[in-house]
Amino acid sequence: MRDWTSYDGVATTYARVHAPRLEEPARELVHLAEVGGGQRVLDVGTGTGAAARAARETGAWVVGVDASPAMVDEAQRATPGAANAVAEAIDLPFRDGTFDVVLGSFVLAHFARVDTALFDLLRVTRPGGRQAFTAWADANDAFLEAWLELVGRVVPREMLEPTMSRAIPNHERFRRPDALETVLYDAGLRRVRVERRTYEWTYPRDDYVDGLTSWATGRFVRSMLDGPGWDAFMARAHATFAERFPDPLHDRREVLLAVGAKE
């Protein structure tokens, strides 16, 4: 059975539905990190490459790494000729001090061993270099509650919640600016700054529901159901959203942007 915690099975959907909405926070992350021409940049957990593309537009040399081969394929498809590789954030295949800037878009929550990952990211950052990360900071909204209600009909919450910790073990932790600031200081970064931004996006309603399948909850439910069961579940999801919400959907998300420097 395919590992449901991986993005390999949903990379195409993720690229179609979510990736276009990540361009704006990616550009602002690059700006916060003061990425510029001639710098060497690592985009860890690059996904479909939004932050890597934004950094490349400044004239920087950029390499993106991700644990999912399918996501790396999507990043390569979006930016032919870009430097991307399949790699974990721990034991990165780079020499000490290789990069001027390390970027991580919505990746910290996925690290089971955050301190270990940040240790290796600091290793490949040169003295005086910078690291910058984004993290989701918003609470549940009506869309998510409707989705969780549907999920709860097939997977009890007492089973779902501990299971989700396998895929996004630090999601709740890094919703808080103080937690994000503390973990970066503890990793050895200094002059850490955390800012909160709000982004608003519009989705065709059916696209939004399709996009939910790429979330950890969607990937897990799909792993629990057979083909016809999954098709029936998704039919209920589309019908429920059609009953409750307008088309298109207006989505509002809060994001934390953090930057720090290696001394």
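I'll start with P248, which is found in the loop between α11 and β7. This is a predicted model, so please keep that in mind throughout. The peptide bond from D247 to P248 is cis, with omega near 5 degrees. Most peptide bonds are trans, and most residues other than glycine have a negative phi.

D91 has a positive phi of about 60 degrees, and it is not a glycine. D91 sits in the loop between β3 and β4, where β4 covers 99–105. D91 is exposed, at a relative accessible area of 65%. R191 also has a positive phi, near 55 degrees, again in a residue other than glycine. R191, however, is in a strand, namely β6, residues 189–203. R191 is exposed too, with a relative accessible area of 59%.

Next, strand β7, which holds R253. Is R253 buried or exposed? R253 counts as buried, because its relative accessibility is 15% and the cut-off for buried is under 20%. What does the side chain of R253 meet there? It makes a polar contact of 2.7 Å with the side chain of D138. Leaving out neighbours within four places in sequence, the residues in contact with R253 include W136, W201 and W215, and also R197.

In one of them, the side chains of R197 and E28 meet at 2.4 Å, N to O. R197 belongs to strand β6 and E28 to helix α2, residues 23–32, so this pair ties together parts that are 169 residues apart in sequence. R197 is partly exposed, with a relative accessible area of 24%, and E28 is partly exposed with 24% as well. The pair is also part of a network of salt bridges that links E28, R193, E195 and R197.

A second salt bridge is the one between D100 and R40, with the closest N and O atoms 3.5 Å apart. D100 is in strand β4 and R40 in strand β1, residues 40–44, so here the parts tied together are 60 residues apart in sequence. D100 is buried, at a relative accessible area of 10%, whereas R40 is partly exposed at 34%.

R153 counts as exposed, at 52% relative accessibility, and E149 as partly exposed, at 33%.

Now helix α6, residues 142–152. Which of its residues are buried? They are F143, L144, A146, W147, L148, L150 and V151. What do they pack against? The partners are helices α7 (157–167), α9 (205–212), α10 (216–224) and α11 (227–244), together with strand β7 (249–262). At the N-terminal end, α6 is capped by D141, which has a side-chain oxygen 3.2 Å from the backbone nitrogen of F143.

Last, a piece of sheet.

To go back to where I began: if you want to look at one spot on the screen, the cis peptide bond runs from D247 to P248, in the loop between α11 and β7. That is all from me.

Technical notes
Residues numbered from 1 in each chain as written. Predicted model: local features only at pLDDT ≥ 70, side-chain atom pairs only at ≥ 80, totals over all residues. Heavy atoms only, no water. Buried < 20%, exposed > 50% of the residue type's maximum accessible area, 1.4 Å probe, protein only. Helix = DSSP H or I, 4+ residues; strand = E, 2+ residues; numbered from the N terminus. Contact = heavy atoms within 4.5 Å. Polar contact = N/O pair within 3.5 Å; in protein donor to acceptor, adjacent residues only side chain to side chain. Salt bridge = Lys/Arg side-chain N within 4 Å of Asp/Glu carboxyl O.
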